Amino acid sequence: MIVNIKYFGLLNEKMPISIELPDDSNLKVFKKILIGKADKHTAEVLNRATFLVNKSKADNETVLKHNDLIMILSVLGGG
Amino acid sequence: MLYGYAGKMVFVNLSNGVIEEKDTTKELAENFIGGYGFGAKILFDMIPVGADPLGPENVMGFITGPASATKALFGGRYTTVHKSPVTGGWNDANSGGYFGPELKKAGYDALFVNGIANKPVYIYINDGKVEIRDASHLWGMDTKKVWEALKEETGEPKVRVSAIGPAGERQSLISCPINDGHRAPGRGGGGAVMGSKKLKAIVVRGTKDIPVAHPEKVTEINKKISEYMKDSQTSYAFGTWGTGVGTPASALSGDSPVKNWGGVGVVDFGDKKAENVGAIALDRYKTKKYNCASCPLGCGAEYKVEDGRWPLEQTERPEYETAAAFGSTLLCGEADAILKCNDICNVYGIDTISAGMTIAWAMECYNEGILSKEDLDGIELTWGNGEAIVLLMQKMADGDGCGAILANGSAYAAKYWNKGEEFLQTASGIELPMHDPRFAPGLARTYKYDPTPGRHVKGGLGAIQMMGHDEERYNFSDTGEHDLNFTVNTEIMNCASLCYFNSLCSLQGTQNQFISAITGMEFNDEEAFKTGLRIYMMRHAFNIREGIKPSHMTIPKRSVGNPPLNEGPLKGYSIDVELLGRNFFEAAGIDYNTGKPHKEKLEELGCLDEVLEDLYGEVELA
């Protein structure tokens, strides 16, 4: 299955906007595969980002479906 | 020689025109560093209990720190201090730009002003010469025009100015001084305090060098920071797009408040609007990058807006706080409206956070039928209505009709109209800033209990939690030690005149190294902790003396998830802010119920004799 990704606050244009996952993968699997494609600094940001699935709260156990939209929100702080 | 300091402070009494110089003593420097450390120590002595914040007894300080006017990176901040006409308690606020270093190069670590002038005046400090000058002809000018006028009048094109605009002259409680045309120590009503003193501006010009104990060590630290920043994505992001780069992610993650703190970003605001008001989108108007003094990052930018409803020949990139205050809290995704509101605030001298949040309060009141169209002078203040937001902002800036009421902030307006109190999002009377404790729970403690309530630059656990999201942060046990450590660390950073970005984008631990290298003091972690806590205690004691105890301090229910949100990324979270407070005060050595710091703790920290005397009776002075 393919899931779509939208990044907010992550400024690495080389990151994919969709990836293929085994059926019934959960968010933990998605994160592992995505982080595997990232450089060291991007991986650090991904590790502390907020993930939403179809605009809803999600955790590592959330099971993904084909065509889901995963929003990755990297809060930078600042005033 | 006192390294890292100009060595003198100047005190100006506007009632009688007396100008007095005092030495910056070694004891003051070692024990209170600078910034609001100096401020708290001096104002505790100078301001009588119960003084009217808008009366002659209030003292307003403009204070630098040891990093200011040296080559230390990120060392360009200065701090204003005074008793707040908004909260009735202690107030400090800080600002970047070039004003602070110029004041120090003009010969003074700090300027303290009390009294009330009998006509509008400005204070001119030029290389050690201090004058009170007539400002009658400048009264009514906006903050940009007055800077230009003062350059011409003084014949010094390089003067730096911290001035109030028309809002401060009218003593609007959300007004503030503006320096360098667009930088502001924005919070707590500093503009009103200056206005009450008929003090239009502080004008500084200086050419003196500040002695540094170990300049080679400063260079070495700078090199390490520069190396670190090359690889830091956060530095790259803030250096390229400024603080507003994170606006969309913050709005959607729950970091930013939405719909007067009652909404959910992904549901009520949406990703399109969030992206519209982020700096990456807004930077289509960018004409020039802007760095504050000694800053390697450069988070500021100038804009020229030629399209939209409100073209602006020259304006500034809104900060994150501003974009969120006029964006997600109002459900406004209209970029031109946000840029116009930011510009009005800069020109008239108004705190953008309190302005946006006051409009958010009025907007919710209007939409809930609490305030009528007549109350708002015919403005249809519907959610997200950019045209209405700009109209109301302009009325607030002009002090026109309902704008004159709202220009004193939401708490004042609710009291004036005697309605809408249930929609106030204020901490002890001041509007909350733009990071949500439901996202970073430690912020609830700082917003509610810091001696300067409702601030986003007071460190603590929340500042760390903001950088990532995990479930552990909702465990509120045993938070005291961590919270205290991050708080006192921030006390030192602020008082050293270092920018928050020295913590956020730079190499950790450099602030103590900078202080040691600049001043020659042995400023190790233990000393830093003791000093930071001493400064905290001094600010805290100012409030206790005014009768403001922790149990009197307030935070709005929505901000702590009472009730919790029922959808979105922060669904279900509530924060036990009282427990966070109790944990913090226990770690700090402060009794939660009385608010009094324990006598033994004050004695251990030392140099707090006046606090000991005030709280525990006479002490044997060393």
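Where is A:Asn67 found in chain A? A:Asn67 is in the loop between β4 and β5 (69-73) of chain A. This is a predicted model, in which local features need pLDDT of at least 70, side-chain atom pairs count only at pLDDT 80 or more, and totals for chains, interfaces and linings use all residues. Residues are numbered from 1 along each chain as its sequence is written, chains are lettered from A and ligands numbered from 1 in the order in which they are written, and side-chain values use heavy atoms, with hydrogens and water left out.

**Terms for strands and helices**

- Helices (H or I, at least four residues) and strands (E, at least two) are DSSP runs, numbered from the N terminus.
- Two strands pair if DSSP finds at least two bridges between them.
- Strands of a sheet pair through backbone hydrogen bonds, either parallel or antiparallel.

**The six-stranded sheet of chain B**

- Chain B holds an open sheet of 6 strands, with mixed pairing.
- The strand order is β2-β1-β6-β3-β4-β5 (chain B).
- At the edges are β2 (19-23) and β5 (90-95) of chain B, each pairing on one side only.
- On average, neighbouring strands of this sheet are turned by 15 degrees against each other, direction ignored.
- Within chain B, β3 (residues 60-63) and β4 (residues 78-83) pair in the antiparallel sense over 3 bridges.
- In this pair, B:Phe62 stands opposite B:Thr80 of β4(B).

**A helix across the sheet**

- Helix α2 (residues 35-46) of chain B lies across β1 (8-13), β3, β4, β5 and β6 (110-114) of chain B.
- Helix α2 of chain B runs at about 25 degrees to β4(B).
- Axes are lines fitted to C-alpha atoms, for helices over the stretch in contact (heavy atoms within 4.5 Å).
- Angles run from 0 to 180 degrees between N-to-C directions.

**A hairpin in chain B**

- Strands β7 (residues 121-126) and β8 (residues 129-134) of chain B pair in the antiparallel sense over 6 bridges.
- B:Tyr122 stands opposite B:Arg133 in β8(B).
- The hairpin has 2 residues between the strands, and B:Asp127 takes a positive phi near 45 degrees.

**Backbone details in loops**

- A cis peptide bond joins B:Asn562 and B:Pro563, with omega about 5 degrees.
- B:Pro563 is in the loop between α24 (525-545) and α25 (577-588) of chain B.
- A:Asn67 is not a glycine, yet has a positive phi of about 75 degrees.
- A:Asn54, also not a glycine, has a positive phi of about 50 degrees.
- A:Asn54 sits in the loop between β3 (50-53) and β4 (56-57) of chain A.
- A:Asn54 counts as partly exposed because its relative accessibility is 37%; buried means under 20% relative accessible area, exposed over 50%, partly exposed in between (1.4 Å probe, protein chains only).
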